[in-house]
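This briefing is organised by topic for use beside the sequence and the coordinates.

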Amino acid sequence: MMRTLPRLAPAALLMFAFVLLVTGVLAGCSQTQPAAESSDSPPAAAEDDDTASLSSNALSQTGALAAADGAPMPLDRSVELLDIGSPPVALSSASSQSHVNRIVADSAGSRVPNVEARVDSLLALMTLEEKVGQMTQLELGMVTNTEPFPQPIDPEKLRRVIQEHQVGSLLNVVDTAFPLAHWHALLRAIQDEAQQTRLGIPVLFGIDAIHGANYTQEAILFPQAQGLGATWNTALVEEIGAITARDVRASGIPWNFAPVLDVGREPRWPRLYETFGEDVHLTTTLGLALQRGQQGTDLASPRHVAATLKHFVGYSGSDSGRDRTPATISDIDLREHYLPPFQAAVDAGAASVMVNSGEVNGVPVHASRYLLTDVLRGELGFDGLILTDWLDIKKLVSLHQVAADEREATKMAIEAGIDMSMVPSDVSFIGHLVALVEDGEIPESRIDASVRRILRLKFELGLFDDPLAGIELAAEVGSNRDRRVALQAAHESVTLLRNTDTLLPLSEDQRVLVTGPTAQSMQALNTGWTYTWQGGGAAQDLFHAGRPTLMEAIRARVGAAQMTYVPGSTLTRSEGLDDAVAAAREADVAVVALGEGAYTETAGNLQQSLMLPAAQRLLLQEVAATGTPVVLVLIQGRPRTLGPVHEAAEAIVTAYNPGTEGGQALADVLYGDVNPSGHLPLTYPSRPSGYALYDHKNSERLAADFGTGGAEPLFPFGHGLSYTSFAYSDLTVRDSVMTTDALQAGASVTVDVTVTNTGSRSGQDVVHLFLSDAVASVTPAVRKLKRFAKVDLAPGASETLTFQLTRDDFSFIGRDATPRVEPGRFRIQVDTLDASVRLTGAPLLGGVALPYAAPPYAGAPYAAPPLQYATRPAGLARVGSAPDGQRGLPRTLPAEGR
């Protein structure tokens, strides 16, 4: 459809016409997301540069979809089991807060000298078009041929993108993961082309390495983040981050789009498995560990990459539970639950941030100056690069409808605070932004601010000195040690939820039936972001040889004569149910593996609710009805509910998405070679609606009978059983009365507790310290996690842990949306023990003692604070803030006991 072009200055008109011409030539370049497997997918359409195409929006939501019924692996594969040996990553029983303090105090920097001076010199030489090119990110398919696989560079397309449009960043794969050699060829060609430009600025290439370097074929895949959350092992998560970074850099890529710092507080959300769980402190601690593993302390190291915090902010708080749909989040909730992980990561020197694709309180985040500039830059003090997500400036027109056309959307996003646009499949952004500057609607100084951040990151990564640093490490990718780290992580993630009459561990003498749709599925073990975006399509053929599924691991362990495998059902349909029931009657025990297949980012892939499909529940019910004891194994990205049928299982184990070593990890736990140590990083609801998170408000306990059973989960947050037993004792608070003045001056409340292994075998346990406020001016949560530590104890051994609680631990976000500490009584809970501490004195607001007065807005409806902060509100001061471009300065933080 013809459109009336906006009035342009003569130079801009020539540039814009040229953009249209070149984009017409480039039309039809392969997209990063391939066509959906379903036959009713809409065909891709060519995009008019001056519009945001609905076809592009549709394309970004489909592609490489896994089959709804699942995709079992072939039955004739040869597999091998790893020798478990000693875990390659040693466990530290240090307090979670001590890990946070260490990482923030020694944040990421760069050994590259004179970065600011070099940025200034280069920026002074750049034309407007070169600057805007640096702010543009295109998908790899824009510079490659469409076939064969792996897709080679098209030299002419590459020349146009890099030479004529001066594009500064590329991302992603074309369809499917590449082998290392192909990555090297691609990145070498791209960086060689960049060297031929007038200024020789290297290209900043980015990738989504979510659970390992999942777009590099040789790399080892690890549990998804939810499973890492279940390990509660900070050192292990940091090591996984370091391996991922090395593998990404060994591919020739210096920039990774992780960690995900969205707090997983909506169990229906299809990206829940990418989060560390529902708790703020757990997300903060493990998010920092993953970030530290990726960035190290030197961004220029060939073993490290620039990390990207995702997705700022409120992305996981969708009202509907569907992806990229509206979130209604109060300022109190925003600052209580969603901002803290980002604040800590910024304090620790995070290099970049990717923006929430959805909207918060009716405003798309890509168009929110309040969230991106006032909050992220002003309050949190972020001085790095802000990147859009896929197509999201265009979606301000096509999806959110807050802009009439793409030019207006571009202006809106840049004024909000965007530095780089993931366009990603045309060069329309360049023409619009150049025209906006030439027409005087956006000052060039605003462009300079963004380009300065982009160039700074390129210098800090050492790209100007060696844009391919790290590819010499390719021989280390996929090592046996990496595989053992992945196996350790999978072992530690497996969570034993129920073990009636000590059915587990199993004996190799028992005849075992293995059934269920996830028992022979690598897609279920890994889910999305596995070789392809959705984990379907060609991913099925790329799993490393020899890695066993659950069924194959059990068969390899006990022998084919002791094990019978019957699928029993697909993910959604009953197939072979009668055969499974017949086999159950002949078995001593039945392992029923249920759950989900592969998926990510789909707008809503739950057919009705969190309830598992009827076919799977029927399989569990009918197998259990034979009288054969049942071990239910859940392999899934969300806590899918079961209804009353869960009672049929004597034992229940959840494995989340444990990665390609997950099959063996599960077998090792089921047969007792490994003592389970996973603990839930989320609340497992008992029903598909009306559930409450662990830190719910007291009023959420109300039930239909007006009793207090309305928040009872199937299994609570932090729950996890072991094959040994632990006892807690001697919970003491050394300073049971503390003044608010003392807290403000840096004093801490010291808590000690002793944990003892009272069983007959060694085991690991997670010690959780919860704090609850008896009375507060904003309704308090029933409890909040403030510290955790993981201990490894031999039979009869004890360890005394010491935790220190500071002013921040007693604070909450008040009615005026600022941190507040109020005097009163607080309860400290560890396991079944509890103690109390009393704060006396005047309230603290923003770190300043105030005369006692009625709380702000008392007796009146809540009023949000003004939506403009030139600086962060009092009390949100960033620890160790450094001048622009001077990351890595030492921070001074309170010490923390073990």
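A residue is called buried when its relative accessible area is under 20%, exposed when it is over 50%, and partly exposed in between, using a 1.4 Å probe and protein chains only. By that criterion histidine 400 is buried, with a relative accessible area of 14%. The model is predicted: local features need pLDDT of at least 70, side-chain atom pairs count only at pLDDT 80 or more, and totals for chains, interfaces and linings use all residues. Residues are numbered from 1 along each chain as its sequence is written, and side-chain values use heavy atoms, with hydrogens and water left out.

**Overall composition**

- The protein contains 25 helices and 28 strands; these are DSSP runs numbered from the N terminus, with helices being H or I of at least four residues and strands being E of at least two.
- Of the 898 residues of the protein, 65% count as buried.
- Contact means heavy atoms within 4.5 Å. Among contacts with a separation of 6 or more, 82% join residues 24 or more positions apart.

**Buried residues in loops**

- Histidine 400 belongs to the loop between α14 (395–398) and α15 (406–416). Leaving aside residues up to four places away in sequence, histidine 400 touches Ser357, Gly358, Glu359, Pro364 and Lys395.
- Histidine 679 is placed in the loop between α23 (662–670) and β17 (726–733), and it counts as buried at 3% relative accessibility.
- A polar atom of the histidine 679 side chain lies 3.0 Å from the backbone oxygen of serine 677. A polar contact is a pair of N or O atoms within 3.5 Å; within protein, one must be able to donate a hydrogen and the other to accept it, and residues adjacent in sequence count only if both atoms are side-chain atoms.
- Beyond residues up to four places away in sequence, histidine 679 touches several residues, including Trp232, Tyr656, His719, Asp765 and His768.
- Alanine 474 sits in the loop between α17 (444–460) and α18 (480–493), and its 19% relative accessibility counts as buried.
- Although alanine 474 and aspartate 247 are 227 residues apart in sequence, their C-alpha atoms are 7.3 Å apart. Alanine 474 touches Leu180, His184 and Ala250, residues up to four places away in sequence not being counted.

**Enclosed and packed helices**

- Helix α11 (residues 331–338) is largely enclosed by the rest of the structure, because seven of its eight residues are buried. The buried residues of α11 pack against α10 (280–295), α12 (340–347), α13 (369–379), β21 (784–793) and β23 (812–813).
- Helix α13 is likewise largely enclosed by the rest of the structure, since ten of its eleven residues are buried. Among them are Tyr370, Leu372, Asp374 and Arg377.
- Glycine 381 follows α13 and has a positive phi, near 75°.
- Two packed helices are described by the angle between their axes and the distance between the axes. Axes are lines fitted to C-alpha atoms, for helices over the stretch in contact, and angles run from 0 to 180 degrees between N-to-C directions.
- Helices α15 and α16 (residues 428–438) pack at an angle of about 75°, with their axes 9 Å apart. That makes α15 roughly perpendicular to α16, a class that spans 65 to 115 degrees, while angles under 35 are roughly parallel, over 145 roughly antiparallel, and the rest oblique.
- Residues making this contact include Arg407 and Ile414 of α15 and Phe429 and Leu433 of α16.

**Strands and sheets**

- Two strands pair if DSSP finds at least two bridges between them. Strand β1 (residues 136–139) pairs in the parallel sense with β10 (residues 421–422) over two bridges and with β2 (residues 169–171) over three bridges.
- Threonine 136 has serine 421 of β10 as its bridge partner, whereas glutamate 139 stands opposite leucine 171 in β2.
- Both faces of β1 are covered, with Thr136 and Leu138 buried on one side and Gln137 and Glu139 buried on the other.
- An open sheet of six strands has mixed pairing and the order β11-β16-β15-β14-β12-β13. Strands β11 (495–499) and β13 (563–566) stand at the edges with a single partner strand each, so one side of each is left without a neighbour in the sheet.
- In this sheet the twist averages 20° from one strand to the next.
- Strands β12 (residues 512–515) and β14 (residues 589–595) run parallel and are joined by four bridges; valine 514 has valine 591 of β14 as its bridge partner.
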